[in-house]
There are 2 protein chains.
Amino acid sequence: MSPLKRICLKLKDKNLDALLVSNSANIRYLTDYEARESYLLVSLKKSFFVTDFRYFYEAKKRVPDFSIKLIDGSLFKLIAKLAKELKISRLGFEAKDLIYAEQQKIREELDKKIDFVATYDFVEELRETKGLKEIKKIKMATRMAISAMHFAKKIVRPGLREIDLAFEIERFIRIEKKAGISFPLIVASGPNSSFPHHITSKRKLLKNDIVLIDLGVDFQGYKSDLTRVFFLGRIPSYVRKIYSIVLAAQNAAIREVRAGIPIKNIDKKARQLIIQKGYGRYFGHALGHGIGLEVHEAPHISEKNKERLKAGMVFTIEPAIYLPARFGIRIEDMVRVGEKGCEVLSGGLDKSG
Amino acid sequence: MSPLKRICLKLKDKNLDALLVSNSANIRYLTDYEARESYLLVSLKKSFFVTDFRYFYEAKKRVPDFSIKLIDGSLFKLIAKLAKELKISRLGFEAKDLIYAEQQKIREELDKKIDFVATYDFVEELRETKGLKEIKKIKMATRMAISAMHFAKKIVRPGLREIDLAFEIERFIRIEKKAGISFPLIVASGPNSSFPHHITSKRKLLKNDIVLIDLGVDFQGYKSDLTRVFFLGRIPSYVRKIYSIVLAAQNAAIREVRAGIPIKNIDKKARQLIIQKGYGRYFGHALGHGIGLEVHEAPHISEKNKERLKAGMVFTIEPAIYLPARFGIRIEDMVRVGEKGCEVLSGGLDKSG
């Protein structure tokens, strides 16, 4: 069933006549088309794509399930007019996306009899499990990220600065792979690897450095996200020990993944192993995050998540140990949940350092 | 007077006890520090910088005028607690920045006796006129953009694709100039130059092409934005004519700029000249936009703006003529308003094509 049809079913279920979609990833999900500062008005009768002159003509060709409306003057008045045409009495909006001032302006323009109802994760919930077309794109984004990681391993060497390496990898993705990056890529070398949110710096790579690389590719809107750690020379036995703990934690979590398992168990599996080895306090973030049209989306793979895994979910598994100001190890892969286990989408990428 | 003191004066004026600042450019303006997903609570008594573990320790050193508070658990409860401590009774928030769901959650946590008041452009209005420190940074960003444009002129040649050229320019800005880009830079060649919002494509530059380049540099948060058109060979006399009209329109507008002049007159000056020459319908956007911590900020230089210019405003002047599917000419410079005229910040950059 198409995403649009699923939304319509959900509208009935929630006793709404229509939903105003403002979140750009949700718009892309429902239209398979990318347009900024646009809106969807999805109703049981008819659905509108409201956009400006930049996208209007192209959208007419590429978004057949929607009636395309040109913003020519007030966006808010246009939405109110369409809502009136559709005789809507209960209209949902995306409370986690709409800016307060916009929400107020639309409310002012809407007919007073219309209920303007805050909704939460209305479209996002459907996006949690991926369809086959989506999986294909995610796999392509993952394959490209693997190529980029191979490229990185080939060129990484003492003397390069972190930003130079990051730039060359980005060039590879954009020029060679003709794709985009999912996020500003992270090159964290030496002690910088101990900061989970390090911003790629001008530090020069040294002999025997640890180099942590976290990168992702955007292929037709779908994202990938992988992390590997490379060693520029000899690996001290202590570093090797930490590396093997992180890797064992990741493997333990991966083995646990299948439809029906409580999400918090996946995090727990990796975390307990790290705790048992005495490094629990050095693993300060959740085990992973859903990924698709956004780099971070549902499901959040954390101790607090009370949901269960569903077949078709795609997320990262990225245990880590960060020893402050010394070094950090993080290994990040992407998995797809199946009924009886999982597929490691980035399974082809070496983890030997 | 520091931006923070000016905000406090304005609070008194608007009968507010405090302002919750969520807009990241406004946070940077008030703290001279960049942090994502952070908040300021500015009050007449004491001001707080609310941030997470990524920025907490650095902010303690670098943001002396604020008491730094760590988000450790619920952000919304923390804001409510601080508001209570300060005995606030009227608290403003930024209606054009805060997401509806966040506004609702903060409202729920706040003491019921507190008025939570929507404000519009409270900080943005102060940002319209730039102080000397800001001008210095804008000038540096402009100088770097000029260098990048020189670099572009040096390397542009038939056979390169638009994306290759864009990538080389970006590399120059990031690696040579150690700065950032203000926005994804635009290279629009041949007929692509006729689309005001062209997205840099894989089109190969041809002999005798027009190449329009629109680029900007981010230096310590402050942006520049310049456009030039280059010719790869012979310039047909018709193109030369259009170019000279756009240039004359720009010069006419620049001559008009000084404190006290109605903003709409600046737009009018350039537009009338283009209309008189018979190309009015091919200049479909406003003449320019304010620039500073954001690429587009107040004042909008359009026919509809009823305000007057103030000394210290900085904005672009970018008249254009777009002949659909044929070619387009846009020339964009940046000016600073003075009492008796203006300084063209990008005056050093050649306009001979």
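This is a predicted model: local features need pLDDT of at least 70, side-chain atom pairs count only at pLDDT 80 or more; totals for chains, interfaces and linings use all residues.

Residues are numbered from 1 along each chain as its sequence is written, chains are lettered from A and ligands numbered from 1 in the order in which they are written, and side-chain values use heavy atoms, leaving out hydrogens and water.

Helices (H or I, at least four residues) and strands (E, at least two) are DSSP runs, numbered from the N terminus. In α4(B), residues 75–85, the buried residues are Leu75(B), Phe76(B), Leu78(B), Ile79(B), Ala80(B), Leu82(B) and Ala83(B); buried means under 20% relative accessible area, exposed over 50%, partly exposed in between (1.4 Å probe, protein chains only). After α4(B) comes Lys87(B), with a positive phi near 55°.

Now to the interface, where contact means heavy atoms within 4.5 Å. Buried area is the accessible area (1.4 Å probe) that two parts lose on being put together, summed over both. A salt bridge is a side-chain nitrogen of Lys or Arg within 4 Å of a carboxyl oxygen of Asp or Glu.

| Chain A with chain B | Value |
|---|---|
| Residues in contact | 25 of chain A, 25 of chain B |
| Buried area | about 2300 Å² |
| Salt bridges | 4 salt bridges |

One salt bridge joins the side chains of Glu168(A) and Arg171(B) (2.9 Å, N to O).
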